[in-house]
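Hi everyone, thanks for coming. Let me put the structure up on the screen, and then we can walk through it together.

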Amino acid sequence: MKKTSVVALSILGIVVGTPLVSPAGPKNDGRPDGGTLGYGEYGRPSTLDPITSNEMVSLRITELVFSGLVGIDEKQEIVPELAERWEMSKDGRIHTFYLRKDVMWHPKEGEEPKPFTADDVVFTYNIMMHPKTITPLKVRYEFIEKVEKLSDYAVQFTLKRPILNALAKFSFKVIPKHGPSNSLYLTRDDPFVQHPIGTGPYILKTITTDREIVLVANESYFKGRAHINKFISKPFADQNILTQALMFNAIDMVVRVNPRDVPELQGDKRFILQPYNALSYAFFGYNLRNPLLADKRVRKAFTYAVNRQEMLDSFFNGAGTIISGPFAPGSWAYNLDVQPLPFDAEKAIALLREAGFAAGPDGIMQKDGKKLALSLKVPIEKESEAVKRVVLAFQNYLKHVGVAIKVEFEEWQAWKETAFLEHDFDIIFASWVFDDSADISSLFHSAEIGPWRNNFGAYSNPEVDGLIVESKLTLDHEKRRTINRKLHAILADEAPYTFLWALTNYSGYHKKLRRVAIHPYKFFSFADEWFIPVPDQK
Amino acid sequence: MKLAAIRPITLALSRELVLTALLLLGVSLVVFVILYLAPGDPFSVLLEGQTLSHEARAGIREALGVPKTWYAQYLSWLGGLLRGNFGTSMRTGLPVFGEIVRVGLSTLYLTLGSMLVTLLIAVPIALHSSVRGATALNWPLTMLAYLVSALPVFWLGYVAIYVSIHQFGVFPLISRVSTSPEPAWLYSLLPICVLGIGNGTIGEVVRYLREEMSRVMAEDYIRTARAKGASVWRHAFKEGFLIPMTEIIAAKIPFILGGAVIVEQVFNWPGMGRMAWQAAQDRDFPVIMGIAMIAAMWVRVGSLVQRVVYVVVNPRASRERRGVGRAE
């Protein structure tokens with residue numbers, strides 16, 4: 001807390017010190033303005049506002065167009081954005097934000113730009129929480145009790161209960177009161193969702209008939225005009241051609257390079273491959289409703305039986321980290337002291353024997369006449385090629401220890417019903433993507449067992465339940481870390497999943513782009529600082 | 001045109017229009033029921049990316065004001081359609097009709113272009129072999145046409161991309177309206193040629209046209225024309241060329257549209273096929289329904305044009321058909 005207030009004060013100092021100079025305008029940091037950046041996206045965005053949109057392509061656009069009350073810098077620390085400073089009451093329930101007075105909304109066509117005020121913040125919160133607004137954000141902001149406007153440039157949030165790291169949650173993007181045509185709730189029918197108005201470094205200019213999205217630098221961006229003149233988001237229908245498009249200069253950047261194309265770009269001096277962590281991991285999840293899988297020795301045997309490193313190396317060029325537990329390895333909650341189980345087929349067989357299984361005449365392990373034959377349900381996703389290899393390898397590894405796996409591929413929506421509603425599976429293959437809160441409560445708490453709940457495998461352990469609740473309630477970061485490390489150790493041992501890996505994402509871009517810093521999942525958070533040297537601007 | 005020629009056309013047309021309306025109604029009902037029965041919930045695309053909860057799922061229909069039963073949903077969709085409203089996309093919130101018109105034009109460009117390519121290849125081969133019989137020149141060409149027709153279009157597409165990138169150093173997947181220095185239409189040649197060659201119709205056009213042409217050539221009136229020294233071609237044109245051509249084109253529209261779905265995907269072509277593919281993945285039913293309607297209409301218009309040509313060329317045909325209609 002102390003650190004942030006120091007930052008806020010020094011910013012104040014600048015504003016007060018130069019009252020006549022509007023901070024909007026060029027950055028004056030000695031780096032050149034100009035140039036265009038075309039980046040390739042796999043698939044097209046749905047909506048372009050920060051509230052109704054719910055996929056990554058849209059998220060990246062909104063990151064360029066909108067700003068939050070606070071931002072997060074490259075060191076993951078909280079910095080002022082639309083709010084220039086803030087205060088927290090002693091009990092941690094009341095947060096007051098003092099807003100910048102020099103922020104203007106992007107101009108609407110044929111209209112004067114309007115100033116950003118506290119009304120917009122209140123409006124954003126209210127529209128976000130309206131029951132008729134469908135947004136993934138709602139669950140994240142249920143901890144707020146109410147929001148009040150204190151003056152044109154001050155807002156006060158009252159929380160239901162104090163929570164840890166509350167400040168980071170105020171990085172939600174603010175939308176203008178004069179934006180949506182319906183001022184109560186926001187649906188995808190509202191013209192605003194395709195013609196967003198923000199306060200961010202880039203203004204949405206046009207969407208071409210090919211759904212290419214053209215964004216131009218906001219001359220009066222409050223942190224100083226972004227260096228690169230134009231961002232163009234280009235949609236591609238096939239992931240395999242994105243790298244080719246980059247190599248033929250059809251685009252300057254690929255947000256996420258297909259893992260199998262990484263070596264090709266690595267050898268090419270014209271391009272830079274920049275790794276970034278995604279808070280995500282893949283796993284095989286077990287259905288504990290099946291009595292055969294209710295025994296933790298069986299689940300652990302499966303984990304011993306698969307050679308995860310070999311799969312990672314051969315299917316993803318080794319670009320990732322094998323994990324041992326339920327947190328993403330980029331997260332502060334991950335327990336590095338817990339080592340992933342090694343590949344050991346002998347040990348796997350020994351564990352299965354210990355659990356009462358013996359090899360039958362057909363080589364398949366059985367117990368009390370019940371064969372260890374299981375169904376594995378896999379969703380057909382966009383990047384199904386690598387997934388296919390992983391599940392077939394899994395099937396093969398388990399065959400070697402006497403387990404018969406029947407792989408069934410299902411279409412994405414159908415798979416979700418199978419896994420989360422009907423629970424008609426023995427094993428599923430899937431991945432989780434996390435935000436920075438490292439909250440796993442919905443995955444393993446026994447209260448989360450049921451239709452459309454995330455504890456699909458019906459894992460239930462009172463000790464884990466207790467730790468999850470304790471972790472949620474504590475306000476002490478170190479204490480929460482300790483609890484999460486303990487959770488990690490228990491879940492690694494209980495193996496409700498065979499935890500696989502967190503893949504390293506690579507962004508590939510032309511080396512003319514300089515000072516590129518990438519936010520793990522929002523991606524473009526620092527794009528206003530990127531620049532292209534004058535000779536390369538063409 | 002004489003009045004006598006117009007009357008049968010209007011009669012034939014109005015009959016066809018009624019049939020078209022019934023057909024579209026049938027198509028819409030079948031597609032809707034299939035969508036309804038298919039696994040997966042169209043509304044879950046709105047919830048993608050958030051933790052699942054039963055309440056959110058239940059609440060979403062209420063929030064959007066969606067009728068509960070499938071037939072009420074269908075009727076409300078149909079009601080909208082009759083008022084000229086195709087609805088809005090679940091995913092993007094954009095009006096479906098405007099979106100389909102936008103991408104439909106580029107699909108039209110692709111399909112018409114590829115049809116032209118098909119005909120440019122097939123017609124000369126067919127005509128040559130029907131007039132001259134099997135010769136050393138046209139027999140291998142005919143065989144080649146059959147062979148090419150059998151190539152799967154996605155394979156041909158990837159081969160074409162591979163060759164143009166690695167042999168010619170040209171990247172063929174830049175969108176048509178992008179700001180690249182080369183003329184954009186140049187890039188659209190490749191997908192058009194691939195679909196024209198790979199849609200599997202060349203072989204059939206060759207065979208059908210050759211047979212029809214040979215049949216007509218053997219007719220008495222052609223022999224008469226030939227005997228009196230008149231132009232055989234002019235006499236054979238209507239029955240031997242125009243009618244079979246329109247027939248085969250009308251019959252092949254669905255196949256070309258199907259091929260377009262794949263070609264658009266492979267070549268990053270912003271058309272209706274790609275939109276249909278995306279919509280199917282998202283269960284975006286207003287878009288799927290809209291595309292199904294437009295595609296059905298398209299196929300129907302193709303066969304309507306064929307009928308009109310047939311009647312114009314041969315007014316007697318419509319009278320015959322009306323006779324049959326009365327007998328039923």
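I'll begin with chain B and its helices, and then turn to the strands of chain A.

A word on the source before that. This is a predicted model, where local features need pLDDT of at least 70 and side-chain atom pairs count only at pLDDT 80 or more, while totals for chains, interfaces and linings use all residues. Residues are numbered from 1 along each chain as its sequence is written, and chains are lettered from A and ligands numbered from 1 in the order in which they are written.

So, chain B. Its secondary structure comes to 14 helices and zero strands; here helices (H or I, at least four residues) and strands (E, at least two) are DSSP runs, numbered from the N terminus. Of the 328 residues of chain B, 34% count as buried. Buried means 20 or more other C-beta atoms within 10 Å of the residue's own, exposed means 12 or fewer, and partly exposed is in between, with C-beta atoms placed from the backbone. Among contacts in chain B between residues at least 6 apart in sequence, 73% join residues at least 24 apart; a contact needs C-beta atoms, placed from the backbone, within 7 Å.

Now for how some of these helices pack. Two packed helices are described by the angle between their axes and the distance between the axes. Axes are lines fitted to C-alpha atoms, for helices over the stretch in contact, and angles run from 0 to 180 degrees between N-to-C directions.

Take α10 (residues 220-228) of chain B, which packs on α11(B) at an angle of about 160°, with the axes 9 Å apart. That makes α10(B) roughly antiparallel to α11(B); the cut-offs are under 35 degrees for roughly parallel, over 145 for roughly antiparallel, 65 to 115 for roughly perpendicular, and oblique for the rest. On the α10(B) side we find B:Y221, B:I222, B:A225 and B:R226, and they meet B:V232, B:H235 and B:A236 in α11(B). By class, that contact divides into five nonpolar residues, one polar and one charged. In this scheme Ala, Val, Leu, Ile, Met, Phe, Trp, Tyr, Cys and Pro count as nonpolar, Asp, Glu, Lys and Arg as charged, and the others, Gly among them, as polar.

How do α11 (residues 232-266) and α12 (residues 272-282) of chain B pack? Their angle is about 85° and their axes are 7 Å apart. That makes α11(B) roughly perpendicular to α12(B). B:A260, B:V261, B:E264 and B:Q265 of α11(B) make this contact with B:G273, B:R274, B:A276 and B:W277 of α12(B). Four of these residues are nonpolar, two polar and two charged.

B:G113 sits in α5 (residues 96-132) of chain B. With 18 C-beta neighbours inside 10 Å, B:G113 counts as partly exposed.

On to chain A. Strands of a sheet pair through backbone hydrogen bonds, either parallel or antiparallel, and two strands count as paired here if DSSP finds at least two bridges between them.

One open sheet has four strands in the order β4-β5-β7-β6 (chain A), with antiparallel pairing. β4 (83-88) and β6 (144-151) of chain A stand at the edges, each with a single partner strand, so one side of each is left without a neighbour in the sheet. The partner of β6(A) is β7 (residues 154-159) of chain A, joined to β6(A) by six bridges, and A:E148 stands opposite A:Q156 in β7(A). Helix α3 (residues 118-129) of chain A lies across β5 (94-99), β6 and β7.

Finally, have a look at β10 (residues 230-236) of chain A. Is this strand buried or exposed? Six of its seven residues are buried, so β10(A) is largely enclosed by the rest of the structure. Seven bridges join it in parallel to β1 (residues 36-42) of chain A, with A:G40 paired to A:K234 and A:Y42 opposite A:F236. β9 (residues 213-217) of chain A runs antiparallel to β10(A), with four bridges.

Note on methods: Contact = placed C-beta atoms within 7 Å.
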